Amino acid sequence: MQDKSARRSGFARPCRCGGSNLKEPAIRDKYTLFAPFYDLLSGEYPVYHAGRVLGIGALAPATGQQVLDIGCGTGLNFPLLQQRVGASGTIVGIDRSAEMLHQARRRAEARGWENVILLQADVVLLDPGAIAARIQKGGGAAVSDAALATYSLSLMGDWQQAWTNMTGLLAAHARVGVVDMQDPVGWARWLTPLARLACAVGGSDITAAPWQAVEERCVNVVRASARGGHLQIRAGKMKHDG
């Protein structure tokens, strides 16, 4: 791993990779339009912030670790991650929208966070080896200690491939966390039309259930839910194939 002073060299430049993700163009255009207003319009604090708090708590990254923030958007996870990894750690934010990354960069610069590396890439299409090289170029390590995907895998046309690419950037026995959405349950079922509308507007597939990958491919899984079961949280340690 490179020394910490090297990590403070700035932000990595955007990276685009080849391939095909049929869902990407329409969602990219939507987030291009709404990026400057995303934090206000996304329902973050009345609804979705709770999932971030629970997700990062379940992931439990430690001081000095490097964490991937998959589909980092405007950087809403960054304050909570900074509290965990500290100035000696690194946050690698990956998002396919240049405009969302612009907002994330503004957030990091305004708070003086010099341990943030931002990369533009479609997680479904990226080549882990190429992205690892770009992370190193930005001052980070080739492999990360943890990865977090909050409300992002359900946006992707092939979230299983995104999972494969994400975990290809991790060290053995790294921790992985997923926070995503489903129909509310129990007493909150009456909110289902509103939840489905919010997901449709954002481009998410409310039926995707990407946290299943954590259940199937991790051990010591931490489980939580919030907002009447609408928010599902899973985190665990990756199984080692050996």
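Tutor: Happy to! A residue counts as buried when its relative accessible area is under 20%, as exposed when that area is over 50%, and as partly exposed in between. Please keep in mind that this is a predicted model. It holds three salt bridges.

Let's start with Arg-196 and Asp-183, whose side chains meet in a salt bridge at 2.7 Å, N to O. Arg-196 sits in helix H9 (residues 192–202), while Asp-183 belongs to the loop between strand S5 (170–181) and H9, so this pair ties together parts that are 13 residues apart in sequence. Arg-196 has a relative accessible area of 46%, so Arg-196 is partly exposed. Asp-183, at 23%, is also partly exposed.

Now to Glu-215. Its side chain meets that of Arg-234 in a salt bridge of 2.7 Å, N to O. This pair links distant parts of the chain, with Glu-215 in helix H10 (residues 212–217) and Arg-234 in strand S7 (residues 231–238), 19 residues apart. Through salt bridges with shared partners, Glu-215, Arg-223 and Arg-234 form one network. Within it, Glu-215 and Arg-223 meet through their side chains at 3.0 Å, N to O.

Arg-234 has a relative accessibility of 11%, so Arg-234 counts as buried. Glu-215, at 30%, is partly exposed, whereas Arg-223, at 52%, counts as exposed.

Definitions and conventions
Residues are numbered from 1 along each chain as its sequence is written. This is a predicted model: local features need pLDDT of at least 70, side-chain atom pairs count only at pLDDT 80 or more; totals for chains, interfaces and linings use all residues. Side-chain values use heavy atoms; hydrogens and water are left out. A salt bridge is a side-chain nitrogen of Lys or Arg within 4 Å of a carboxyl oxygen of Asp or Glu. Helices (H or I, at least four residues) and strands (E, at least two) are DSSP runs, numbered from the N terminus. Buried means under 20% relative accessible area, exposed over 50%, partly exposed in between (1.4 Å probe, protein chains only).
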